[in-house]
Amino acid sequence: MTAPLVRILATVARDAAHLATPGGALCPACGAGDAHLDGETLADRPDGTVVRHGEAVAKAHAPETDPVAHRARLALAAHPALAGILLPPLPPPAGALPRLRPVTAWPYGVPVDPADPDAAPWEEAGVLLARLHRVETAGLPGPLPPMRGPAKAAAAMARMEAAAGDHPAAPAVRRAWERLPAWARGEGFPGAPDRGPHTLCHGDLHLGQFVRHPVPDGPWLLIDVDDLGLGDPAWDLARPAAWYAAGLLPPQIWQRFLGAYTAADGPAVPSRYDDPWPQLDVPARALTVQTAALALAKSAAEGRQPDDVESAVIDTCTRIGTLPPELACEPPS
């Protein structure tokens with residue numbers, strides 16, 4: 001993160017908040033002089049920096065963002081068909097912006113509290129995903145970009161090879177990766193060729209992608225459209241499925257999430273009464289590999305060994321890299 005970028009984002013967020021303040025009322029962040037609402041950095045990662053001013057946030061997207069696909073994703077987020085599913089963007093910012101990084105403005109929403117896992121909106125997440133996957137794509141502005149989930153998994157593997165390719169656990173992660181079909185490794189369209197039809201997918205689902213808006217207790221909405229696009233809807237269920245398979249997500253929470261999704265007629269799995277793993281197996285394995293690869297890269301960069309959670313995911317990669325294909329990523333009994 002650089003100070004000039006944060007200053008730019010703070011200005012964009014301030015202008016967006018002021019435009020969104022109704023009837024010329026005083027902006028709460030400015031009027032209260034509350035420093036934590038004015039220029040607060042909410043996220044600072046290579047793939048996105050987010051700064052808040054009052055009721056708005058500004059985001060600098062990843063430098064390698066495809067501008068054409070990015071514009072298409074913003075149009076999707078603003079489309080009436082996605083109302084009540086995706087948080088819509090605020091009017092595009094003007095003025096001096098970074099040349100190599102798209103910048104967008106969004107309403108501020110209350111995120112999931114990581115300190116209160118019991119309050120996590122698992123049922124709401126399942127319903128929102130089902131609604132997203134059922135959106136009719138024929139009437140949406142196009143062309144629709146592909147969902148970027150498999151491409152992100154491939155990027156995670158490249159990051160592991162660069163930072164921790166000689167780690168003792170890297171061969172197990174590599175073997176699990178090599179056993180995935182080409183589409184799940186980011187080679188070709190991001191969906192199984194025999195699954196069709198493909199749906200609109202979020203592409204990077206986790207609990208950090210949900211906020212309440214309007215604040216403080218509005219409905220839950222999905223955020224972060226950087227990976228939004230057409231693909232296999234099972235990919236959006238894959239991270240919680242992988243956590244469940246690794247023993248990191250309790251069975252009752254997995255059932256709450258999956259049950260809400262199937263009850264809302266989500267198309268990724270057949271029905272609440274059928275075995276979902278034929279559909280979830282490949283995406284869950286891919287997300288397990290992605291998580292393990294990032295864990296190795298991050299721990300190597302920080303000069304430490306993987307922690308307990310990271311080790312559990314790496315151990316799952318070892319298991320799925322050695323089991324017969326028909327048993328790979330079998331859910332825990």
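For these notes I take a cavity to be a set of grid points where a 1.4 Å probe fits but cannot get out, and I call a residue lining if it has an atom within 4 Å of such a point. The model I am reading is a predicted one.

**Entry 1: the second largest cavity**

I looked up the second largest cavity and found about 40 Å³ of space in it. I listed its lining as Ala 242, Trp 243, Ala 246, Leu 248, Leu 287, Thr 288, Thr 291 and Val 313. Helices α7 and α9 each supply at least two residues of this lining, and the largest share, 3 residues, comes from α9.

**Entry 2: how α7 meets α9**

I then turned to these two helices themselves, α7 covering residues 235-245 and α9 covering residues 277-301, and found that their axes come within 7 Å and cross at roughly 75°. Angles of 65 to 115 degrees count as roughly perpendicular, and α7 and α9 are therefore roughly perpendicular to each other. On the α7 side I wrote down Trp 235, Leu 237, Ala 238, Arg 239, Ala 241, Ala 242, Tyr 244 and Ala 245 as making the contact, and on the α9 side Trp 277, Leu 280, Pro 283, Ala 284, Ala 286, Leu 287, Thr 288 and Gln 290. Sorted by class, the residues of this contact come to 13 nonpolar, 2 polar and 1 charged.

**Entry 3: the largest cavity**

I counted 2 cavities of 30 Å³ or more, and the largest has a volume of about 50 Å³. Its lining consists of Trp 122, Ala 125, Leu 205, His 206, Leu 207, Phe 210, Arg 239, Pro 240, Trp 243 and Phe 257. Both α4 (122-133) and α7 supply at least two residues each, and α7 gives the most, with 3 residues. I sorted this lining into 8 nonpolar residues, 1 polar and 1 charged.

I traced an open sheet of 3 strands in the order β5-β7-β8, with antiparallel pairing. The edge strands, each pairing on one side only, are β5 (110-111) and β8 (220-222). For the pairing of β5 with β7 (residues 210-212) I noted 2 bridges in the antiparallel sense, and I found Val 110 opposite Arg 212 in β7.

Methods
Residues are numbered from 1 along each chain as its sequence is written. This is a predicted model: local features need pLDDT of at least 70, side-chain atom pairs count only at pLDDT 80 or more; totals for chains, interfaces and linings use all residues. Side-chain values use heavy atoms; hydrogens and water are left out. Axes are lines fitted to C-alpha atoms, for helices over the stretch in contact, and angles run from 0 to 180 degrees between N-to-C directions. Helices (H or I, at least four residues) and strands (E, at least two) are DSSP runs, numbered from the N terminus. Angles under 35 degrees count as roughly parallel, over 145 as roughly antiparallel, 65 to 115 as roughly perpendicular and the rest as oblique. Contact means heavy atoms within 4.5 Å. Ala, Val, Leu, Ile, Met, Phe, Trp, Tyr, Cys and Pro count as nonpolar, Asp, Glu, Lys and Arg as charged, and the others, Gly among them, as polar. On a 1 Å grid over the protein atoms alone, a cavity is a set of points where a 1.4 Å probe fits but cannot get out, and a pocket is an open set with protein on both sides within 12 Å along at least five of seven lines; lining residues have an atom within 4 Å of a point. Grid points are joined across faces, edges and corners, and a volume is the space filled by probe spheres set on the points. Two strands pair if DSSP finds at least two bridges between them.
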